[in-house]
Amino acid sequence: MKLLTHNMLSSNIKGVANGFPLRIEVEKATEKQVELNAGFLRNVFPMIEWKALVDAAQLPEVADSSMLDSDFLNKFHHALLELHLEKDALVCPETARRFPVSQGTPNMLLLEDEV
């Protein structure tokens, strides 16, 4: 699972008011080279919940689109697209419910009593 995916997931358990961002408990992570696509990064930048990404990766706490013309673009690309969480769990910040991630795929299915 890429951090781009993590940035868009939240806990939808019934009664949860604040299910974002999910906390990451990493057991296995890998890095995979991906060709840098500056246009994609510029387009996705406004959709990123920055605080959640900062908590998941080591990036500056404050960012704006003017930084996309600097070395920051490479760091942003690396954090969003090259770090892969292979085996870990995503944890709801409100209920502590763990959603497993196996082979890079998060299982966000809810149990019957959570719907």
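Is Leu81 buried or exposed in this structure? Leu81 is buried, with a relative accessible area of 9%, where buried means under 20% relative accessible area, exposed means over 50%, and partly exposed lies in between, using a 1.4 Å probe and protein chains only. This is a predicted model, in which local features need pLDDT of at least 70 and side-chain atom pairs count only at pLDDT 80 or more, while totals for chains, interfaces and linings use all residues. Residues are numbered from 1 along each chain as its sequence is written, and side-chain values use heavy atoms, with hydrogens and water left out.

**The chain as a whole**

- The protein chain contains 4 helices and 4 strands, and from the N terminus on its elements follow the order α-β-α-α-α-β-β-β; helices (H or I, at least four residues) and strands (E, at least two) are DSSP runs, numbered from the N terminus.
- The protein chain is as compact as a globular protein of its length, because its radius of gyration of 15 Å is close to the 13 Å that the globule rule gives for 115 residues; the radius is taken over C-alpha atoms, and the rule is 2.2 Å times the number of residues to the power 0.38.
- Along its principal axes, the C-alpha trace spans about 50 × 30 × 20 Å, and buried residues make up 37% of the 115 residues.
- Among contacts in the protein chain with a separation of 6 or more, 65% come from residues 24 or more positions apart, contact meaning heavy atoms within 4.5 Å.

- The 4 strands form an open sheet in the order 1-2-3-4, and the pairing is antiparallel; two strands pair if DSSP finds at least two bridges between them.
- Strand 1 and strand 4 (105–106) stand at the edges with a single partner strand each, so one side of each has no neighbour in the sheet.
- Strand 1 (residues 23–31) pairs with strand 2 over 8 bridges in the antiparallel sense, and Glu25 has Ala89 of strand 2 as its bridge partner.
- Strand 2 and strand 3 (residues 98–102) are joined by 5 antiparallel bridges; Val91 has Arg98 of strand 3 as its bridge partner, and Lys87 stands opposite Ser102 in strand 3.
- Strand 2 (residues 83–91) is largely enclosed by the rest of the structure, because 7 of its 9 residues are buried.

**Around Leu81**

- Leu81 belongs to helix 4 (residues 72–82), and, leaving aside neighbours within four places in sequence, Leu81 is in contact with Lys2, Leu4, Lys32, Val34, Phe40 and Leu41.
- Leu81 and Leu36 are 45 residues apart along the chain, while their C-alpha atoms are separated by 8.9 Å.

**Backbone details in the loops**

- Most residues other than glycine have a negative phi, and most peptide bonds are trans.
- A cis peptide bond, with omega about -5°, joins Phe20 and Pro21, and Pro21 lies in the loop between helix 1 (3–6) and strand 1.
- Strand 2 and strand 3 form a hairpin with 6 residues between them, and Ala96, in the loop between these strands, has a positive phi near 65° and counts as exposed at 51% relative accessibility.
- Gln103 lies in the loop between strand 3 and strand 4, where its phi is near 50°, a positive value in a residue other than glycine, and Gln103 is exposed, with a relative accessible area of 73%.
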